[in-house]
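Student: I am new to this structure. Please take a close look at one residue and its surroundings, and then show me how that part sits in the whole.

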Amino acid sequence: MTTEELIALGESVKTGHNVTFYEARQAALAPDKTTLYKVADGLRKHFRGDRFQTCSIINARSGRCSEDCKWCAQSHKHHTGIDEYPLIDAKAAVDMAIHNARKGVGRFSLVTSGRRMTDSEIDHVVDIYHKVAANAEIDLCASMGLLSKPQLQKLHDAGLCHYHCNVESAPSFFPSLCTTHTIEDKLQTIRWAQEVGFKICSGGIIGMGETLDQRIEMAIFLRDDVKADSIPVNVLMPIKGTALEDRPPLSVDEILTAFAIFRLCNPKAEIRMAGGRVKFVDHQTEALACGVDASIVGDMLTTTGTGGIDDDMALFQSCGRDTEPQSDEW
């Protein structure tokens with residue numbers, strides 16, 4: 001794809017065109033990466049403005065997961081030395097939420113290991129969320145696996161705005177990464193979450209051995225099938241003891257191109273830097289100029305983030321982004 005064709009593609013997206021697989025592939029392979037990144041960031045500016053959404057997650061239940069996801073330190077199939085503990089108590093969650101709210105973080109999510117939660121566990125976390133809401137001015141989200149529709153309804157009734165359920169990778173690649181649940185299982189949970197009123201946070205991990213075509217497949221799947229409102233793009237952090245511990249790293253160019261393609265294919269969604277930021281820690285300013293308009297801040301579940309929340313906020317603000325917490329009803 002030529003420079004002129006990249007620019008024309010971006011202009012067509014502004015008027016409602018959905019980028020096709022072929023167009024996305026040609027854009028990703030274009031030699032003029034500078035223009036590709038500028039086009040992607042122009043779409044961010046056009047559809048999202050300079051508002052920058054931040055969120056923080058807390059590992060609310062860790063380890064002993066029944067699933068066999070090849071990338072995950074929390075799977076019972078892997079021996080990673082990760083801390084294992086049951087659901088955290090309310091005070092720890094409230095303290096963390098208050099800390100994040102005072103730092104200006106926009107959303108706060110409890111994330112639990114395991115395939116799903118029991119009804120009594122959902123009642124416990126609903127109580128936690130009520131306590132958080134009473135003490136911290138911050139939007140609330142959850143990532144708790146393959147929940148039932150009644151369970152999702154309870155969470156939504158408790159005041160949560162987003163439900164997170166990553167598709168993780170392209171439908172064509174996912175079966176090689178996990179055999180204990182399917183993309184269809186994830187889609188069912190996502191559909192139920194949408195039906196009860198949730199906005200959807202769903203993305204995946206790049207660098208797990210998928211091809212460029214499969215990254216594009218995932219980006220378009222998130223647009224057409226998931227209809228994701230927020231798309232976290234994680235870069236694999238190979239963890240010793242997992243099945244993917246020896247995966248070679250992606251190049252910075254591959255990472256930046258992925259951010260740009262996710263923006264091209266999902267122009268109205270939040271495109272979020274998530275886990276694995278240390279893999280491009282010296283190129284985060286460039287990533288922010290590839291269409292990124294959101295980020296997880298602080299540590300990332302079983303891996304370490306790039307620094308403190310204050311450092312993150314300073315970075316985003318230095319790039320001209322408005323990090324003040326925004327209403328989800330933009």
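Tutor: Start with the whole chain. This is a predicted model. The chain holds 11 helices and 9 strands. Its radius of gyration is 19 Å, close to the 20 Å that the globule rule gives for 330 residues, so the chain is as compact as a globular protein of that length. Along the principal axes, the C-alpha atoms fill a box of roughly 55 × 40 × 35 Å. Of the 330 residues, 54% count as buried. Take the contacts with a separation of 6 or more: residues 24 or more positions apart account for 76% of them.

Now zoom in on Glu168. Find Glu168 in the loop between β4 (162-164) and α7 (183-196). Is Glu168 buried or exposed? Its relative accessibility is 11%, so Glu168 counts as buried. The cut-off for buried is under 20%. Glu168 carries a charge that counts as negative, yet Glu168 has no salt bridge.

What does Glu168 touch, leaving out residues up to four places away in sequence? The list is Trp71, Phe174, Lys186, Gly203, Gly204, Ile205, Met208 and Met218. The backbone has a feature too. Phi of Glu168 is near 75°, a positive value in a residue other than glycine.

Compare Lys227. Phi of Lys227 is near 60°, also a positive value in a residue other than glycine. Lys227 lies in the loop between α8 (212-226) and β7 (230-235). With 51% relative accessibility, Lys227 counts as exposed, whereas Glu168 is buried.

Gln151 is another buried residue, at 5% relative accessibility. Gln151 belongs to helix α6 (residues 149-157). Beyond four places in sequence, Gln151 touches Met117, Thr118, Asp119 and Ile122. Met117 is 34 residues from Gln151 along the chain, and their C-alpha atoms are separated by 8.6 Å.

One joins the side chains of Asp310 and Lys103, at 3.0 Å from N to O. Asp310 lies in helix α11 (residues 309-318) and Lys103 in the loop between α4 (90-102) and β2 (107-112), so the pair ties together parts 207 residues apart in sequence. Asp310 is partly exposed, at 46% relative accessible area. Lys103 is partly exposed too, at 31%.

Next, Asp185 forms a salt bridge with Arg115, with the closest N and O atoms 3.9 Å apart. Asp185 sits in helix α7 and Arg115 in the loop between β2 and α5 (119-135), so this pair ties together parts 70 residues apart in sequence. Asp185 is partly exposed, at 28%, and Arg115 is partly exposed, at 25%.

Last, Asp293 and Arg263 meet in a salt bridge at 2.9 Å, N to O. Asp293 lies in the loop between α10 (284-288) and β9 (294-296), and Arg263 in helix α9 (residues 252-265), 30 residues apart. Asp293 and Arg263 are both buried. Salt bridges that share partners join Arg48, Arg107, Arg263, Glu270, Arg272 and Asp293 into one network.

Definitions and conventions. Residues are numbered from 1 along each chain as its sequence is written. This is a predicted model: local features need pLDDT of at least 70, side-chain atom pairs count only at pLDDT 80 or more; totals for chains, interfaces and linings use all residues. Side-chain values use heavy atoms; hydrogens and water are left out. Helices (H or I, at least four residues) and strands (E, at least two) are DSSP runs, numbered from the N terminus. Buried means under 20% relative accessible area, exposed over 50%, partly exposed in between (1.4 Å probe, protein chains only). A salt bridge is a side-chain nitrogen of Lys or Arg within 4 Å of a carboxyl oxygen of Asp or Glu. Contact means heavy atoms within 4.5 Å. The radius of gyration is taken over C-alpha atoms; the globule rule is 2.2 Å times the number of residues to the power 0.38.
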